[in-house]
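Hello,

Here is the structure you will be taking over. Please open it first, then read the notes below.

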Amino acid sequence: MKKILPLILAAALTVSAFAGCSSQQKNGTVSTDGSTSMEEVIGVLGEAFQEKYSGMTFTYNPTGSGSGIQAVKEGRCDIGLSSRSLKEEEKADGLTETVLAYDGIAVIVNPENKLDDLDVETLAKIYTGEITNWSDLGGNDAQIVVIGREAGSGTRDGFESITGTEDACKYRQELTSTGDVITTVSQNPDAIGYASLAAVSDQVKALSVGGISPSEATVKDGSYCIQRPFVLVTKTGTELSDAAQTFFDFVLSDEAAPLISKAGAVPVK
Amino acid sequence: MKKQKAFENFIHGIFLILGLITVGCVLLITVYLVVSGIPAIRKIGIRDFLFNAKWASAAKVPSYGILPFILTSVYGTAGAILIGVPIGFLTSVYLAKLAPAKIRTVVSGAVSLLAGIPSVVYGLVGMMVLVPGIRNLFHIPDGASLLAAIIVLAIMILPSIINVSITALEAVPKEYEDASLALGATPVETYFKVSVPAAKSGIAAAVVLGVGRAIGEAMAVMMVSGNAPNLPELFGSVRFLTTAVASEMSYSSGLQRQALFSIALVLFLFIMLTGAALNFFLKRSKEE
């Protein structure tokens, strides 16, 4: 036994040395700044990027979409991250957007729930407490239990901004992870919640919104409306630094697409 | 001889350094909490922070009132004590005085096991069993509530209460009990009128320890209490001081993050107070 251990260690070292060779040597720093909703996606991409290009340093400053766009404009970062499309005046101000991925948010209910479809207005009324009983929507006579995420969560921010219910939602439960939301909704026949599309399982039923059921395809073609783009913001006409360009190409490559899916978003490719 | 003394001093030095690590950690945490907790309180205003009942940290016009969290923590802890102490106390009297050796081994083993279960497991079981159970039992729309948190906390504080109380009861001199029995009191009379009063400081310490454990618990209550920042109601969704910090920390920024540190500071003060109370009772029990 004592003899085997050093052997294994030596083998492990050799393997890791070879693994080290496969990563490409390039030096430089890429700084990104912006949307907190993109934290997961950009975190995964940043890690993979640094693994692939061992000399590269990647930084991400979670400040919010607005500050991120401002930061690119003032040249304080290489790439800005925004979880909304750029406005016309921002584009006129010399900024370019490149869509990295789409974030689809599914509205979920318990599988026992008879409802299959809601429109955005009704959804907003449920979340702001205007409609409080499922019978008003043709369901059972039971109080609607509104489940959401904690303040500051990107999913909550996305859901509330798309449904126009910012700061007006009356949550019964504010949970801190997608998994908790799904578990809670699966346990309570009267609950409604929202969760990142990629995380939805058969424990719960994803409602169609305005007649369109959520899927990667409907999110990508824009027909499913509870979604928003994750955008990379750059300066129009200004060349990115070598490191930043490498990162930019990497995150838009086919190689990065599965990583984006894993982080819960729908890649453009 | 000289060499030996130098070695002796060297070892003393090492022990001193090791001892100081703990002190250093406490100092570091205290200083850090105070330094990072004060700015938000000053910005928000101490009265607005402690006595405003509205918490909306990520809203366009944010409001940072932590009164709901303070009240929830106080009510939740009080509720857990109300349920946990009678059960824990009577269990400890039974185990220390009445139980046959075999039962005692089994029960104390179970109590130790209960103490070793991670809090996330309590939370998970609470979420899967207790929350739906409360929902069905009381016919309310949702079971995640203050009541669910109280029940989980009551179970979690049992081991501390039982173990400390047993130690206190066992420390009562046998002569006291013998005297009582010799005077014609029944065993149960003896335990409740002689042993328990003699051990009362130790039992009080057990209760305070339970308070400390209940007030500081975050993970388990976060999973069963619903986390909406409402003023506490038994069947309502509530947020504790601990869960207020834990639930928003990961995505927070700016004043919101600073305010979370301030909540942690308030929680820290609460725990210091329970700690001081614990010391007081332990000291008294030693003097007796």
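Chain A and chain B bury about 2100 Å² between them, with 47% of it on carbon and sulfur atoms. Buried area here is the accessible area (1.4 Å probe) that two parts lose on being put together, summed over both. R172(A), E174(A) and Q187(A) supply 28% of what chain A buries against chain B, more than any other three residues.

This is a predicted model: local features need pLDDT of at least 70, side-chain atom pairs count only at pLDDT 80 or more, and totals for chains, interfaces and linings use all residues. Residues are numbered from 1 along each chain as its sequence is written, chains are lettered from A and ligands numbered from 1 in the order written, and side-chain values use heavy atoms, without hydrogens and water.

The contact (heavy atoms within 4.5 Å) takes 23 residues from chain A and 26 residues from chain B. On the chain A side, 4 are nonpolar, 9 polar and 10 charged. For these classes, Ala, Val, Leu, Ile, Met, Phe, Trp, Tyr, Cys and Pro are nonpolar, Asp, Glu, Lys and Arg are charged, and the others, Gly among them, are polar.

The rule finds 3 salt bridges between the two chains (a side-chain nitrogen of Lys or Arg within 4 Å of a carboxyl oxygen of Asp or Glu). One joins R239(B) to E174(A), at 2.7 Å, N to O.

Now the inside of chain A. An automatic or database assignment gives domain 1 (29-102 + 229-267) and domain 2 (104-227). These two domains bury about 690 Å² between them. Across their interface the rule finds 0 salt bridges.

Best wishes
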